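The entries follow in the order in which I looked them up.

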Amino acid sequence: MVTPDADISTGQAVVLGLQHLLAMDVYVVPIIIAGMLSLPFANKMGLIQATFLAAGIGTILQTGVFMRMPVTQGASFVPLGALAGIYLAAGGGNTGMATIFGSLIVGAVFVLLLGFSHTVPKLIHKFVPSLVGGTIITNVGLSLIPSALNDNIFKASGHLNTNVLLGVITAATLVICVIISLHLPQFDRVFRLGSILIALAVGTISAAFMGDLSLSSVANAPWFSLPKFAISSYGLRFSLSPILTMLIIYVVLMTETTGTWFAVSAVTGTKLTTQRINRGVFGEGVSCLVSALVGATPVTGYSTNAGIISITGVASKRAFISAGIWFVLFSFVGKLSALLAAIPSAVIGGVFAIICSTIMLNGLKVVSQSHFVERDLYILGIPIILTMALVLMPSSLKTEAPTFVQYLLDSPIATAAITAIVLNQLLPDNTQSKLIQKRQES
C-alpha cells in the first residue's frame with residue numbers, strides 16, 4: 001500500500017490522478033439531469049463543466065485541507081429526483097434553475113453549521129460501531145453493482161452483445177494486469193498502479209474497432225469555454241418548500257458520504273478520529289457550497305475510490321490532489337470534457353463492477369473483525385435485503401410513496417445505513433455476558 005502521506009513523484013501523481021478521474025463516472029449525473037430537464041446543448045455542456053470544476057475544488061479541499069484523507073468528491077445521484085421536481089414546480093427555465101441553486105446554497109450552509117456544531121462525531125461514535133460501519137460499506141458496494149452492470153452495460157445505448165463484450169474485455173484486462181503484477185513483481189509499478197488506466201484504454205480502443213466510439217461531440221466542442229456559473233447564468237431564487245426538500249436531501253447525503261469515509265478508512269488503515277470527522281463535515285459543506293455557486297449539483301465523497309485504492313494499492317494524497325487538479329483543468333477545456341464523456345458506458349461498467357465488488361468485500365472484512373453473535377446476523381442481513389429490494393423495486397411502486405419516502409427509496413445506501421443503526425440500537429447486545437459465561441464454563 002502506498003500510504004496517504006507517501007511522497008510519490010510529481011509524474012506518478014499526475015498519471016495516477018488521471019486514472020482516478022477516468023475511473024469515476026462524475027459526468028453521468030449532469031448528463032442525466034440535463035436529459036431530465038430537457039436542457040439545451042450549451043446548458044448541458046455548461047453543467048458537465050461545472051460538475052468537473054466542483055469535483056476538482058471539493059477534492060483538493062477535502063484531501064489537502066479539511067479531512068486530509070484520500071477522498072475524491074463527485075456529483076451524487078441521490079438528489080436527481082428532488083432537483084427535477086423543484087425545477088418543474090418552479091416553472092422550468094431560468095426560474096427553475098435559480099430555485100434549484102438557491103435551495104442548494106441554503107442546504108450547503110446547513111451542512112457547514114453541522115460541522116461547526118461538532119455533533120456528527122458524537123453521533124457516529126454512539127450509533128456507528130464497527131459492525132454497523134462494515135455493514136454500511138458492504139451495502140455501498142452491493143448497491144452499486146447493479147448500476148455498474150445494468151445502467152452501464154445491459155441497458156446502455158448501443159447493441160447489447162457489443163456492450164457485454166466491451167465490458168468483459170475491459171474487466172478481463174484489469175484482472176490480467178493484476179495477475180501480471182502478482183506473478184512479475186518487477187512490473188508491479190506499471191501493471192498494478194496503472195491497471196485501471198490500461199483497462200480503460202484497451203476497452204476504448206476495442207470500442208473504436210467495433211464502431212462503438214463516437215467522437216462527433218469532441219469535434220463539435222470548443223477547446224476552451226467557461227462553465228455556466230449559477231449566479232451569472234441563472235440567478236438565485238429562494239423558496240421555502242424547495243429549501244426544506246434539500247435539507248432532507250443533504251441529511252441523506254451526509255449518511256451516504258459517511259459510508260464512503262468508513263470505506264476509505266478501512267482500505268487505507270486511516271483512523272476516523274473525532275477531529276477528522278468534524279473537518280470532513282465542514283469540508284463537505286464548503287464543497288457543496290462551492291458546487292452550488294459554480295452551477296453544479298451537490299458533491300459528496302465517491303465510494304468508488306475505496307475500490308480503486310484496493311485494486312491499485314495507491315492511497316497517496318498527492319495522487320488525489322492531482323485528480324482534483326485534473327478535474328479543474330477539464331472544466332475549462334471543452335474538448336477534454338467531451339472526450340471523457342465519449343468513453344462508452346460499457347467500458348466504464350467493466351471497471352466499475354470490479355471496483356464495486358472490492359468495496360463490498362472490504363465492508364465484509366470490517367464486519368469480520370467484530371465478535372459475531374446472533375443479533376449481528378440481522379444487523380448485517382436485513383440492510384442487505386433492503387438494499388437489493390430498493391435496487392430491484394419497480395419505479396411505479398416508488399412514485400406511489402410520499403415524497404420524503406421517495407428520497408430514501410432512491411438511496412439504498414442511506415436506507416441500509418439507517419436500518420443498520422436502528423437495529424443495532426433495538427437488538428439487545430449481550431455479547432459480554434455470553435463471553436463471560438463461556439469463559440466460566442471452560
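Entry 1, contacts and overall form. I noted that, among contacts between residues at least 6 apart in sequence, 84% join residues at least 24 apart. The model is a predicted one. I counted 23 helices and two strands in the chain. I found a radius of gyration of 21 Å, close to the 22 Å of the globule rule for 442 residues, so the chain is as compact as a globular protein of that length. Its C-alpha trace spans about 75 × 60 × 45 Å along the principal axes.

I recorded 54% of the 442 residues as buried. The accessible surface comes to about 18500 Å², and carbon and sulfur atoms account for 67% of that.

I asked which residues touch the most other members of the largest nonpolar core. Among its 91 residues, these are Leu 37, Met 97, Ile 100, Leu 104, Tyr 250 and Leu 340. Helix α18 (residues 345–368) gives the most to this core, with 11 residues. Apart from it I found another core of six residues, including Leu 53 and Val 294. Beyond its neighbours within four places in sequence, Met 97 is in contact with Leu 37, Leu 39, Tyr 87 and Tyr 234.

I listed its buried residues as Arg 375, Asp 376, Ile 379, Leu 380, Pro 383, Thr 387 and Leu 390. Seen down the axis, these fall within an arc of 140°, so they line one face of α19. On the other side, Glu 374, Leu 377, Ile 385 and Leu 392 are exposed.

Note on methods. Residues numbered from 1 in each chain as written. Predicted model: local features only at pLDDT ≥ 70, side-chain atom pairs only at ≥ 80, totals over all residues. Heavy atoms only, no water. Buried < 20%, exposed > 50% of the residue type's maximum accessible area, 1.4 Å probe, protein only. Helix = DSSP H or I, 4+ residues; strand = E, 2+ residues; numbered from the N terminus. Arc of directions from axis to C-beta. Core = buried A, V, L, I, M, F, W, Y, C linked by side-chain atoms within 4.5 Å. Contact = heavy atoms within 4.5 Å. Rg over C-alpha atoms; globule rule 2.2 N^0.38 Å. Areas by Shrake-Rupley, 256 points an atom, 1.4 Å probe, with all protein chains shown as cover.
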